[in-house]
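Here is a short note to read alongside the structure. Please keep the 3D view open and look for each residue as it comes up.

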Amino acid sequence: MGSNVWGYNQTITGRGRKYHEIHVRLRQPTAHNECFLPYEDVAGTLAHELAHCERGPHDKQFFSIMESILDEHAELLASGIT
């Protein structure tokens, strides 16, 4: 993963199946011994990559999917589910 990339989504196809493998950076790329990135940043990156499971290009539909994921996440947090 490049130093300016916070996450990526890899589509894997094999044995008649298709699935997504999501990689998310948890620490600064140049400071592996330091603290984790803020939870909100990691959660936002994960929402972005989850949206890519449904839509590839960064278009209006993609951002709508990402917003719905972020809204659901906020509702779960507000209800005490983390």
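Predicted model: local features only at pLDDT ≥ 70, side-chain atom pairs only at ≥ 80, totals over all residues.

1. The protein chain contains two helices and two strands, and from the N terminus on the order of its elements is β-β-α-α.

2. For a sense of scale, the C-alpha atoms of the protein chain fill a box of roughly 40 × 35 × 25 Å along the principal axes. Of the 82 residues in the chain, 20% are buried.

3. Now try a check on helix α2, which covers residues 60-78. With 19 residues at 1.5 Å a residue, α2 should span 27 Å, and because its end C-alpha atoms are 27 Å apart, the two values agree. After α2 comes Gly80, which has a positive phi, near 95°.

4. Which residues gather in a patch of negative charge on the surface? They are Glu67, Asp71, Glu72 and Glu75. Glu67 sits in α2. Its relative accessibility is 42%, so Glu67 counts as partly exposed, as this class lies between the 20% limit for buried and the 50% limit for exposed.

5. Finally, look for a pair of charges. Side chains of opposite charge can pair when their charged atoms come close. The count here is one salt bridge: Arg55 pairs with Asp59, and their closest N and O atoms are 2.5 Å apart. Arg55 has a relative accessible area of 27%, so it is partly exposed. Asp59, at 23% relative accessibility, is also partly exposed.

Note on methods. Residues numbered from 1 in each chain as written. Heavy atoms only, no water. Patch = residues over 30% accessible without salt bridge, like charges linked within 9 Å, V, L, I, M, F, W, Y side chains within 5 Å. Areas by Shrake-Rupley, 256 points an atom, 1.4 Å probe, with all protein chains shown as cover. Salt bridge = Lys/Arg side-chain N within 4 Å of Asp/Glu carboxyl O. Lys, Arg positive; Asp, Glu negative; His and termini not counted. Charge placed at Lys NZ, Arg CZ, Asp CG, Glu CD. Helix = DSSP H or I, 4+ residues; strand = E, 2+ residues; numbered from the N terminus. Buried < 20%, exposed > 50% of the residue type's maximum accessible area, 1.4 Å probe, protein only. Expected span 1.5 Å × (residues − 1).
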